[in-house]
Amino acid sequence: MAQLTALGLYRPGRSVLHRLGAGRKLLGLLILGGSSILLQTRWWLVSVALLLVVAGFLIAGLGLRAWWQQVRPMVWLLAFTAVLHLLVSDWRRAVCVLGMIVTLVTAAALITLTTPTTALIDVVVRLAGPLRRIGVDPERLGLTLLLGIRFVPVVAGLAREVRQAQYARGALYSYRAFAVPLLVRALRTANAIGDALVSRGLDD
């Protein structure tokens with residue numbers, strides 16, 4: 001379950017956030033993203049937004065550990081960004097930029113953790129309905145998004161297996177020994193999925 005949580009997959013629950021409609025959650029995320037430019041003008045506004053997202057994790061019964069699991073993969077990127085902004089500006093700007101990144105990423109994770117993937121895809125399909133007039137197939141678009149989301153844990157699992165194989169061979173610090181087998185296995189998996197879709201008539 002920890003691996004699923006880290007990847008931002010749905011965790012069932014009965015909280016207010018779990019019961020809130022997928023459309024409203026996505027609208028809230030859109031508003032948050034749109035207002036991020038204004039929020040970044042004041043470090044305390046970003047801090048308040050981040051605290052609200054953290055509170056969302058607590059309200060949903062996910063806890064601080066689930067929140068941290070969304071942040072942990074970005075630690076080195078955040079550290080580099082912090083040093084960069086401290087060198088070229090000041091701590092307030094660093095707090096604004098880092099805080100906004102963490103806020104947006106964890107807010108998006110909170111939505112996927114409290115909303116079934118199918119519900120999110122249904123919203124996208126409904127919103128894409130008018131695009132039929134220009135030749136876009138909303139159902140196919142929804143299927144593409146669903147496959148993309150589902151493929152994330154598959155690739156993560158492949159990466160874990162390749163890393164374990166590296167340990168066994170003693171090639172701990174070889175990027176090529178990690179990247180090449182991972183790419184090959186990911187492409188094989190993608191081909192298998194493609195063949196399955198073709199067999200079901202989704203080849204056009």
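**View 1. The largest nonpolar core.** Among the 23 residues of the largest nonpolar core, Phe57 and Leu62 touch the most other members. Such a core is a set of buried Ala, Val, Leu, Ile, Met, Phe, Trp, Tyr and Cys residues joined through side-chain atoms within 4.5 Å, where buried means under 20% relative accessible area (1.4 Å probe, protein chains only). At least two residues of this core come from each of α3 (22-39), α4 (43-59), α5 (63-71), α6 (75-88) and α7 (91-114). The most come from α7, which gives seven residues. Helices here are DSSP runs (H or I, at least four residues), numbered from the N terminus. This is a predicted model, in which local features need pLDDT of at least 70 and side-chain atom pairs count only at pLDDT 80 or more, while totals for chains, interfaces and linings use all residues. Residues are numbered from 1 along each chain as its sequence is written, and side-chain values use heavy atoms, with hydrogens and water left out.

**View 2. Around Phe57.** Setting aside neighbours within four places in sequence, Phe57 is in contact (heavy atoms within 4.5 Å) with Leu62, Gly63, Ala66, Trp67, Gln70, Thr106, Leu110 and Leu113.

**View 3. α4 packed on α7.** The two helices, α4 and α7, pack at an angle of about 25 degrees with their axes 8 Å apart; axes are lines fitted to C-alpha atoms over the stretch in contact, and angles run from 0 to 180 degrees between N-to-C directions. So α4 is roughly parallel to α7, a term for angles under 35 degrees. Residues of α4 that meet α7 include Trp43, Val46 and Phe57.

Technical notes:
Buried < 20%, exposed > 50% of the residue type's maximum accessible area, 1.4 Å probe, protein only. Parallel < 35°, antiparallel > 145°, perpendicular 65-115°, else oblique.
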